[in-house]
Amino acid sequence: SNVPKSYGTRHRAAIGLSEMTDAVVVVVSEETGAISIVKGGKITRKIDAQKFSALLQEALSSTNK
């Protein structure tokens, strides 16, 4: 994958893991505490608690189909 160099190690690992598996990966930035969700190599970054809940439910429901 072509991951921006600005992404840290755990974000890069999450993207790779989600590309190689059907996993939904939740990443918390060590530096900022910002939450990201990664699925299928696509990352949604800096999401708030309400959006996190909705995105996680959506990601998990589509994984089970």
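**The hairpin and the helix beside it**

Guide: Happy to! Strands E1 and E2 form a hairpin with six residues between them, and in its turn Gly 33 has a positive phi of about 80°. Please keep in mind that this is a predicted model. The two strands, E1 at residues 24-28 and E2 at residues 35-39, run antiparallel and are joined by five bridges.

Now turn to the two faces of E1. Val 25 and Val 27 lie on the covered face, while Val 24, Val 26 and Val 28 lie on the uncovered one.

Ala 14 is in contact with Val 25, Val 27 and Val 38, leaving aside its neighbours within four places in sequence. The largest nonpolar core has seven residues in all: Val 3, Tyr 7, Ala 14, Ile 15, Val 25, Val 27 and Val 38. H1 and E1 are the elements that give two or more residues to this core. As a rule, nonpolar side chains in soluble globular proteins tend to be buried together.

H1 itself has 12 residues and spans 17 Å from its first C-alpha to its last, close to the 16 Å expected at 1.5 Å a residue. Its buried residues are His 11, Ala 14, Ile 15 and Ser 18. Viewed down the axis of H1, these buried residues fall within an arc of 100°, so they line one face of the helix. Thr 9 and Met 20 are exposed residues on the face turned away from that buried side. The cover over the buried residues of H1 includes E1, E2 and strand E3.

Setting aside neighbours within four places in sequence, His 11 is in contact with Val 27, Ser 29, Ser 36, Ile 43 and Arg 45.

Let me finish in E3, where Lys 46 has its place. Its phi is near 50°, a positive value in a residue other than glycine. Lys 46 counts as exposed because its relative accessibility is 67%, over the 50% cut-off.

Technical notes
Residues are numbered from 1 along each chain as its sequence is written. This is a predicted model: local features need pLDDT of at least 70, side-chain atom pairs count only at pLDDT 80 or more; totals for chains, interfaces and linings use all residues. Side-chain values use heavy atoms; hydrogens and water are left out. Buried means under 20% relative accessible area, exposed over 50%, partly exposed in between (1.4 Å probe, protein chains only). Helices (H or I, at least four residues) and strands (E, at least two) are DSSP runs, numbered from the N terminus. Two strands pair if DSSP finds at least two bridges between them. Contact means heavy atoms within 4.5 Å. The expected span of a helix is 1.5 Å times one less than its number of residues. The arc is that of the directions from the helix axis to the C-beta atoms. A nonpolar core is a set of buried Ala, Val, Leu, Ile, Met, Phe, Trp, Tyr and Cys residues joined through side-chain atoms within 4.5 Å.
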